[in-house]
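This briefing concerns a predicted model.

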Amino acid sequence: MDIKIDKQRSCESCLSVCLMSLLDFQKGIKLDKEEEYNILFEGLKFTRLDFSTGHLVYLARKFPELIFEQYIDFDVFYKTLKELDLPKNLKLYSKKTDLKFLKETIKDGPVIIYIDMFTLEGVYHYSHFVILKDINSERATIFDPWSGSKIELNTKTLMGSISYVRNMLKISPKLIRIE
């Protein structure tokens, strides 16, 4: 069974759509389309530091029976986020998003990762969340909320996209999963 990914309805709701898709795919929790905006706006209100953590705080409070995990590439950023008042079912970890880590985490199911939008559209460089379903040394399968589609790409291209977020955009790559 494949993941159903809707097209995001705003320029900033890629993570909201990815989270909604994973909740449906992994937990059978179908959220109303309006939750796309609720997750986004509540996430933005939680802290100025990081909207993705705000998204997860909103969902962790809404679904206390689920565990939300966020792996943060930059150690200093991780330490700063750990100081926030987070729900007990939101776990933060410091971990570099490399190929070995992606291969390990994908064994337990799809994850959300941060990539460079230029990889997909070729128009501009911008950080973008997608769902990673499969990866090996040669190929990766992602589900993209911008296009609302499944995309197959070369693993080297995907890893370069994550590196671009880290090294050129200076944004911490992240990996998010729901337990």
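Tyr 126 lies in the loop that runs between helix H6 (118-121) and strand E4 (127-135). The notes that follow begin with the surface around this residue and then turn to a helix and to the aromatic side chains.

**Surface patch**
- With a relative accessible area of 34%, Tyr 126 is partly exposed, a class that lies between the limits of 20% for buried and 50% for exposed residues.
- Together with Val 123, Tyr 124 and Trp 146, Tyr 126 makes a nonpolar surface patch of about 390 Å².

**Buried side of helix H4**
- In helix H4 (residues 75-82), the buried residues are Phe 77, Tyr 78 and Leu 81.
- Because these residues cover an arc of only 105° around the axis, they are placed on the same side of H4.
- The elements that cover the buried residues of H4 include helix H3 (51-62) as well as the strands E1 (68-72), E2 (90-94) and E7 (174-178).

**Aromatic pairs**
- The structure holds six aromatic pairs, one of which is formed by Tyr 114 and Phe 129, stacked at 4.0 Å centre to centre with 15° between the planes.
- This pair links distant parts of the chain, since Tyr 114 belongs to strand E3 (residues 111-116) and Phe 129 to strand E4, 15 residues apart.
- Both partners are buried: Tyr 114 has a relative accessible area of 5%, and Phe 129 has a relative accessibility of 0%.
- Tyr 114 and Phe 129 also form one aromatic cluster with Phe 51.

Notes:
Residues are numbered from 1 along each chain as its sequence is written. This is a predicted model: local features need pLDDT of at least 70, side-chain atom pairs count only at pLDDT 80 or more; totals for chains, interfaces and linings use all residues. Side-chain values use heavy atoms; hydrogens and water are left out. Patches are made of residues with over 30% relative accessible area and no salt bridge: like charges are joined within 9 Å, nonpolar side chains (Val, Leu, Ile, Met, Phe, Trp, Tyr) within 5 Å. Accessible areas come from the Shrake-Rupley method with a 1.4 Å probe; for residues, only the protein chains shown count as cover. A salt bridge is a side-chain nitrogen of Lys or Arg within 4 Å of a carboxyl oxygen of Asp or Glu. Helices (H or I, at least four residues) and strands (E, at least two) are DSSP runs, numbered from the N terminus. Buried means under 20% relative accessible area, exposed over 50%, partly exposed in between (1.4 Å probe, protein chains only). The arc is that of the directions from the helix axis to the C-beta atoms. Contact means heavy atoms within 4.5 Å. Rings of Phe, Tyr and Trp (its six-membered ring) pair if their centres lie within 6.5 Å; planes under 30 degrees apart count as stacked, over 60 as edge-to-face and the rest as tilted.
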